[in-house]
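Here's a quick briefing to read with the structure open beside you. Keep the sequence handy as you go through the points.

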Number of protein chains: 2
Amino acid sequence: MRAGKINIMNKLDYFFRPRSVAVIGASRSPKKIGHVILRNFLEGGFRGKVYPINPMAGSLFGLRCYPSVLKVPRRIDLAVVSVPAPLVPKVLDECGRKGIPSVIIISGGFGEVGNTELEQDCLRIIRKHRMRAIGPNCIGVYEPSSGVDTFFLPRYKLERPKPGSVAFISQSGALGSVVLDWMAMKGYRISKFISYGNALDVDEAELTEYLASDSSTKVICCYFEGLKHGRRFYDTLRKVSSRKPVIIIKGGRTEEGTRAVSSHTGSLAGSREVHSAAFRQAGGIEAGTLEELFDFARVLATQPSPKGNRVQVITDGGGFGVLTTDWLIHNNLALAGMSRKTVSSLKKVLPPHVVIKNPLDLTGDATVERYSMAIDASIADPNVDMIAVIALFQIPTLTADIVDVVSAASDRSSKPMIVIAAGGRFTEVLKKTLEDSGVPTFSYPEKAAAALKALYDFSREARA
Amino acid sequence: MRAGKINIMNKLDYFFRPRSVAVIGASRSPKKIGHVILRNFLEGGFRGKVYPINPMAGSLFGLRCYPSVLKVPRRIDLAVVSVPAPLVPKVLDECGRKGIPSVIIISGGFGEVGNTELEQDCLRIIRKHRMRAIGPNCIGVYEPSSGVDTFFLPRYKLERPKPGSVAFISQSGALGSVVLDWMAMKGYRISKFISYGNALDVDEAELTEYLASDSSTKVICCYFEGLKHGRRFYDTLRKVSSRKPVIIIKGGRTEEGTRAVSSHTGSLAGSREVHSAAFRQAGGIEAGTLEELFDFARVLATQPSPKGNRVQVITDGGGFGVLTTDWLIHNNLALAGMSRKTVSSLKKVLPPHVVIKNPLDLTGDATVERYSMAIDASIADPNVDMIAVIALFQIPTLTADIVDVVSAASDRSSKPMIVIAAGGRFTEVLKKTLEDSGVPTFSYPEKAAAALKALYDFSREARA
């Protein structure tokens, strides 16, 4: 049950890779937050020591229960606190005296409901003991590799994504967690998730900086309503954004939305224009919707930088080819023009009713072999920078081997490649297989085109 | 095996409610289009007579196979033709001599590949015998109530939606069919689907007119690349659009997309601006994306007309409340201000930490009872025109009963109501139940807001 050796380099590492955890407020009652959190640690793959803390319980799930962290005979790296707000200062003080370096305060009832004095009491205790804290009023951390999971939502209601390379910072806990649930269903992966709530100590800037140096994270996604320390965040963003893509979606972009924010997390949401301009100036990538946020992230996390904006479209459905073309152009991307050499060699191998142009419509009797030849030609042609493969899997002549052919081509290609495939359950299964092998898939052309545009923009930003 | 009595009022009825069908080109080989179509009619719930036509086969699936429709001893209402293009004129002439009123020509190889002469031959035969024809170069018709299903894609690869009240006309067969597959997975329903390909005889205008008088169709959706007879279509649209919503998405909106169209269906796609302006002037509702098309359709098919643009938002997640507010305002809708009477009565029954405003955040410990009270109050309040219920089903205090409560409220409400719920499999199951009882559901705020806006716009159009 002991975790392997872990070098703690940064104090924030204790949040994500603790060797031992105290669950303060652990409970026998399945309706209590502390119950669900304790179960997450016991059943969710966490390999370190777990200490339930509750003055009333003798043992929980066969583990000895301690009345206070002070009674635990060993070292504790992380405490997860879900006791009622008025009890939090006392608990924090005990954590500090025990020498616990990091605390996640799940409990609400602080600044967000006007209880700023209680919040400041907590801050004084945290500073006094030189602890680091995430929260309060948050759902905390999910780290699929280490098994840290402070979500108080059971797994049957809220699935968890597998380990990946996209990190997600969300000010809102509910929003962040339902998005993870959706990601898990889609087969999208995650490196780290943090909901930081009122940001009493650790804020968005520090988290972004931490993730920038986290080797398991390739792309950083953020949902913010207001920024705790705007200037610090923008300074961090400026340093980080040319190395690692930071994609941001901002809640509270209208006046009415801003008013809704103030009663949600108590933070002040600035106007959309101000934030948008600042994000972009600092090199951040702005997403318009939550879906777009993860569309961008999947492509940026898996695909190489394109050399230019010329896209070759390969399709077995004319209508989807037309819509994809429309959306590529709408996003200021261009249709690639294959070299004469490529065109003449494709003419030799493709049937006469396939016209070699862009979109390259392999038509409704397309085979895996035709796709393979068209993709290989696009990879080899110097006039092609990115490849958009539309595969309507439903056509009778296309077998499921198409998935292996596309994955293998994507593996050996130094050009970005994405797949557009719309349909029902049969299609979704094939798309999940593609996602699993690192090929981003999209149901609809408009989303694929927007994601390729984000990839292209970041490649220019990174080169600049 | 005989169909009940059907009154054929309109000649196009034979396409959708035939009492007998000849499948011309029926085949033993599962890879042949004629094989799949024959199976659809035999296994998909069609209750009329089915006659396989193939000069080479003695019997198919235990049915006697005729060498020509002329040899069938009884009346035939519909012929589905999937023989190679050069054989089509001969087959059509036989259909005409047999007195078959309607023919769906699935076969390709006509105008779309430059074979206009063959196409004109077919037209002459059709006119001579006063037949009506859909196609060629199409996938034809799907009518879930009568069991007509000419798709040449097997059901395990391409699911079919259940009977509903949304009709879909698609110039592109592949695009239309994968969209149906996706609709089936989502639990969305359909009244009639028509892919009309080259529109040699029956065109988009006539289909729209037919659907306008079809009692099972409440909303008409269209995917067009180019219009066969633009003026005729706009004239029809002008007559239809104030009675029944007609939602349109146009492929080929950019110059490059237009060029892609020309090699797809051989039709000329006009510029986006020209079409957009004409659609709107004629009262059509333009959708930006395929998803939006069906988002609009679901809301327009199930929800009553709102009296105004004031939306009450009810939520259990602050972040989603904020994003929803942003998108409502972005779509020129307004936040409703509940009357003082409603506010004070809600104050009495809701816990003190729930602040009565808009969005009404029932918070992360929301119960079904709280939702019920908030929804009832919104239905009763004269200052509320539409209701957007955000239900993050994952929170521990919310049971699955929420689905029944929302469905029942929606049933008795004369105000439009939609549900926003994002998440994984658990959430998707609850959403499907809501869809089944006629409550439109959305994963994300931006889509819900755009659909409410379409509903509001149509209500003004219809009143005007």
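Strand E15(A) runs parallel to strand E18 (residues 386–390) of chain A, and four bridges join the two. Bear in mind that this is a predicted model.

**Partners of E15(A)**

- To get from E15(A) to E16(A), the chain goes through helix H11 (residues 318–330) of chain A, making a right-handed β-α-β crossover.
- Strand E17 (residues 360–361) of chain A is joined to E15(A) by two bridges, and these strands run parallel too.
- Thr315(A) has Asp361(A) as its bridge partner in E17(A).

**How enclosed is E15(A)?**

- Six of the six residues in strand E15 (residues 310–315) of chain A are buried, so the strand is largely enclosed by the rest of the structure.
- That goes for both faces: Arg310(A), Gln312(A) and Ile314(A) are buried on one side, and Val311(A), Val313(A) and Thr315(A) are buried on the other.

**The seven-stranded sheet**

- Chain A has an open sheet of seven strands with mixed pairing, in the order E9-E8-E11-E10-E12-E13-E14.
- Its edges are strand E9 (148–149) and strand E14 (285–286) of chain A, each of which pairs on one side only.
- Strand E8 (residues 140–143) of chain A and E9(A) run antiparallel, with two bridges joining them.
- Within that pair, Glu143(A) is found opposite Val148(A) of E9(A).
- As a reminder, strands of a sheet pair through backbone hydrogen bonds, in either the parallel or the antiparallel sense.

**A look at Glu43(A)**

- Glu43(A) belongs to helix H2 (residues 33–43) of chain A.
- Is Glu43(A) buried or exposed? It counts as exposed, because it has 12 C-beta neighbours inside 10 Å.
- Glu43(A) and Gly147(A) are 104 residues apart along the chain, yet their C-alpha atoms are separated by 9.2 Å.

**Two chains, one rotation**

- Chain B superposes on chain A by a rotation of 180° with 0.0 Å of shift along the axis, at an RMSD of 0.0 Å.
- The two copies are therefore related as by a two-fold rotation axis.
- Both copies use the same surface, as 100% of the contact residues of chain B recur in chain A.

Terms used: Residues numbered from 1 in each chain as written. Chains lettered and ligands numbered in written order. Predicted model: local features only at pLDDT ≥ 70, side-chain atom pairs only at ≥ 80, totals over all residues. Least-squares fit on C-alpha atoms with pLDDT ≥ 70 in both. Contact = placed C-beta atoms within 7 Å. Buried ≥ 20, exposed ≤ 12 C-beta atoms within 10 Å, placed from the backbone. Pairing = 2+ DSSP bridges. Right-handed = clockwise from strand over helix to strand, strands pointing away.
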